[in-house]
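Subject: Structure for your attention

Dear colleague,

Please find below the structure that I am handing over to you. I would be grateful if you kept it open while reading the notes that come after it.

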Amino acid sequence: MSADLDQRHIVPEILDALPSDDARAVGSRRDLVWINALMLQSRIMAGLLNRHVLTPPKRILELGSGDGAFMLAVARRSAWRDVELVMVDQADLLTDARRADFAKLGWRVEPVVADLFAWLAQSGTAAFDVTCANLVLHHFSDAALRRLFASLRERTSILVATEPRRNVVGLGGSSMLRLIGVNDVTMHDAAASVRAGFAGNELTRLWPTTDGMRFEERRLGLFTHAFAAERTR
Ligand SMILES: C[S@@+](CC[C@H](N)C(=O)[O-])C[C@H]1O[C@@H](n2cnc3c(N)ncnc32)[C@H](O)[C@@H]1O
C-alpha cells in the first residue's frame, strides 16, 4: 500500500455540509448512483445478506440511507417481503415516489431524519434483525466506530457494511470519475472516501468483543471493503 494509504485519513466530505436542495448536492447524489453501480455495491450487499441472513428478516435498520436508491436496489435483488426498513440519515431525502417503490416490494419504510449516533442513543433498546450501511462508516473516526459498534452489538443480530477499500486501485478509480462527468463535490468526496476507507481487518478490530461473533471482512470486487459481524449466540 502506498505510504499515505497506510492509515485512515478522515476529512469532512463536502456533500455532508451542503443543504440537500443545493444544486451541487443534488448533482453529487446523482453521481452517487453511478458510483454505487460502478462499485457493484448493491450486488455485493445483496450477496453478503444472502450468505449471512438465512431467516427472512422482519426489521432492518439502514444507517446513512441517503435518498434510499441504494437500499431499493438491494431490495429488488432480494426475495424478502413483508419487511420493515428503518432508514436513518441526517438529511431528509426520501420521496413519496421512492417509498411507493419500496411498498411495491412489500417493504414498509420508516425514515428517521437524525444524526445516527444521537438517534441510537435515544432509541432505547429498539432491536433489528439486520443492520446495513453503505458508504457511511468511513465518515467516522475509529473512536466513533467503536461507540457505534458497541451500541449495535446490543441491538442487531448482524451488521453488514459495504465501504470504500483504502488502496491505490480505489484512489486511481476515484481520479477517473471525471471521465463520467461527476461534479467537483463528488471528485473531492470520492478521493476523501478512499483515504478514510478500510483495509485488512480494521473494522473487526473495532468490534467490542469477538466472543459469540462470526466476522467476514475482505475486499470484494475492485473497490469495496466488505464487513459482516454476525452474532452466533
Ligand atoms: C456517501 S452517502 C451514502 C448514502 C447511501 N448509503 C447510498 O449509498 O446512496 C453517506 C450518507 O451518510 C449520511 N450521514 C453521514 N454522517 C451521518 C450521521 N452522523 N448521521 C446520519 N447520517 C449521516 C449522509 O447524509 C449521506 O446521506
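This is a predicted model: local features need pLDDT of at least 70, side-chain atom pairs count only at pLDDT 80 or more; totals for chains, interfaces and linings use all residues.

Residues are numbered from 1 along each chain as its sequence is written, and side-chain values use heavy atoms, with hydrogens and water left out.

The ligand

The ligand is surrounded by 18 residues, where a residue counts as near if one of its heavy atoms lies within 4 Å. The closest are Gly64, Asp89, Asp115, Leu116 and Asn134. Seven residues of this shell are nonpolar, seven are polar and four are charged. In this division, Ala, Val, Leu, Ile, Met, Phe, Trp, Tyr, Cys and Pro are nonpolar, Asp, Glu, Lys and Arg are charged, and the others, including Gly, are polar. Helix α2 (residues 23-39) gives the largest share of the shell, three residues. Helices (H or I, at least four residues) and strands (E, at least two) are DSSP runs, numbered from the N terminus.

For asparagine 36, the distance to a ligand oxygen atom is 3.1 Å. For aspartate 115, a nitrogen atom of the ligand is 2.8 Å away, and for asparagine 134 an oxygen atom of the ligand is 2.7 Å away. On its own the ligand has 590 Å² of accessible area, of which the protein covers 94%. Such areas come from the Shrake-Rupley method with a 1.4 Å probe; for residues, only the protein chains shown count as cover.

Salt bridges

Side chains of opposite charge can pair when their charged atoms come close. A salt bridge is a side-chain nitrogen of Lys or Arg within 4 Å of a carboxyl oxygen of Asp or Glu, and the count by this rule is twelve.

One of them joins aspartate 142 to arginine 8, with the closest N and O atoms 2.8 Å apart. This pair links distant parts of the chain, 134 residues apart: aspartate 142 is in helix α7 (residues 142-155), and arginine 8 is in the segment before α1 (14-17).

Aspartate 101 and lysine 104 form another salt bridge, at 3.3 Å. Because they are three residues apart in helix α5 (residues 96-104), about one helical turn separates them. Aspartate 101 is partly exposed, at 22%, whereas lysine 104 is exposed, at 68%.

Glutamate 216 meets arginine 218 at 2.8 Å, N to O. Glutamate 216 is buried, at 12%, and arginine 218 is partly exposed, at 39%. Shared partners join Arg51, Glu216 and Arg218 into one network of salt bridges.

Two other places

Glutamate 84 belongs to strand β2 (residues 83-89) and is partly exposed, at 22% relative accessibility. Its C-alpha atom is 9.6 Å from that of phenylalanine 128, 44 residues away along the chain.

Methionine 176 is in helix α8 (residues 168-176). Together with Trp34, Leu38, Leu179 and Ile180, Met176 makes a nonpolar surface patch of about 590 Å². Patches are made of residues with over 30% relative accessible area and no salt bridge, with nonpolar side chains (Val, Leu, Ile, Met, Phe, Trp, Tyr) joined within 5 Å and like charges within 9 Å.

Yours sincerely

Definitions and conventions
A polar contact is a pair of N or O atoms within 3.5 Å; within protein, one must be able to donate a hydrogen and the other to accept it, and residues adjacent in sequence count only if both atoms are side-chain atoms. Buried means under 20% relative accessible area, exposed over 50%, partly exposed in between (1.4 Å probe, protein chains only).
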